[in-house]
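This report describes selected parts of one protein model. Please look at the sequence and structure first.

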Amino acid sequence: MDLAPLLAAGVPLLGWTTHSTVLARRLATARRDPLTGLLTRDGFTTRAERLIRRHPERTTVLLIDLDDFKAVNDTHGHAAGDAVLAATARRLATWCGTDGIAARLGGDEFAAVVLDAEHRVPDLNDQLHHPVPYGTELLSVSASVGTSHPATLLLTEALSAADRQMYASKPGARTARRR
């Protein structure tokens with residue numbers, strides 16, 4: 001039996017399979033924030049919308065913004081800021097567990113969609129206020145968290161509602177206005 005025709009057909013197939021695998025890995029990597037490992041906005045949106053569609057009455061949308069994050073970078077440097085972002089991401093991902101998804105939307109802003117989480121939000125608030133170890137220091141951190149229940153809303157509307165609540169809960173919110 002001549003194996004040459006089989007090998008000739010198999011080589012391109014192997015090449016396409018390898019190429020497809022590499023592209024799939026690159027796409028998955030592009031949907032993850034390299035610093036935190038969390039989903040980026042694009043990856044989050046797709047998965048969040050799916051979770052909301054499947055469980056509209058059970059989902060909570062959260063928007064999290066670190067308070068005075070610029071001060072961390074200005075005082076301790078960008079590496080310290082990166083440590084705070086990474087710690088925040090770990091805390092958020094752990095809090096979400098298997099019942100939700102978390103993302104870094106950009107800068108110091110994070111989002112999550114979680115099932116049956118309303119009673120657990122105070123615990124997340126506590127976790128996000130724990131100091132972050134950095135070298136020999138403990139960096140003080142705090143975050144503002146806004147929530148929304150998207151049972152009758154689109155994800156974008158739920159994020160906007162959570163955003164309004166988050167900014168209302170920020171320290172000094174009565175005197176500060178969002179730009």
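The buried residues of α3 are F69, V72 and N73, where buried means under 20% relative accessible area, exposed over 50% and partly exposed in between, with a 1.4 Å probe and protein chains only. Because these three span an arc of only 95° around the axis, they sit on the same side of α3; the arc is that of the directions from the helix axis to the C-beta atoms. K70, D74 and T75, on the other side of α3, are exposed. The cover over the buried residues of α3 includes β1, α4 and β5 (137-139). Just after α3, G77 has a positive phi of about 100°.

Helices (H or I, at least four residues) and strands (E, at least two) are DSSP runs, numbered from the N terminus. The model is predicted: local features need pLDDT of at least 70 and side-chain atom pairs count only at pLDDT 80 or more, while totals for chains, interfaces and linings use all residues. Residues are numbered from 1 along each chain as its sequence is written, and side-chain values use heavy atoms, with hydrogens and water left out.

## How α3 meets α4

The axes of α3 (residues 69-76) and α4 (residues 78-96) come within 6 Å and cross at roughly 140°. Axes are lines fitted to C-alpha atoms, for helices over the stretch in contact, and angles run from 0 to 180 degrees between N-to-C directions.

On the α3 side, F69, V72, N73 and H76 meet H78, A80, G81, V84 and L85 of α4; contact means heavy atoms within 4.5 Å. The residues of this contact divide into five nonpolar, four polar and no charged. Ala, Val, Leu, Ile, Met, Phe, Trp, Tyr, Cys and Pro count as nonpolar, Asp, Glu, Lys and Arg as charged, and the others, Gly among them, as polar.

## The sheet

Four strands form an open sheet in the order β2-β3-β1-β6, with antiparallel pairing; two strands pair if DSSP finds at least two bridges between them. β2 (100-106) and β6 (143-148) are at the edges, each with a single partner strand, so one side of each has no neighbour in the sheet. The twist averages 20° from one strand to the next.

β2 and β3 (residues 109-115) run antiparallel and are joined by six bridges. The bridge partner of R104 in β3 is F110. α4 lies across β1 (59-66), β2 and β3, at about 10° to β3.
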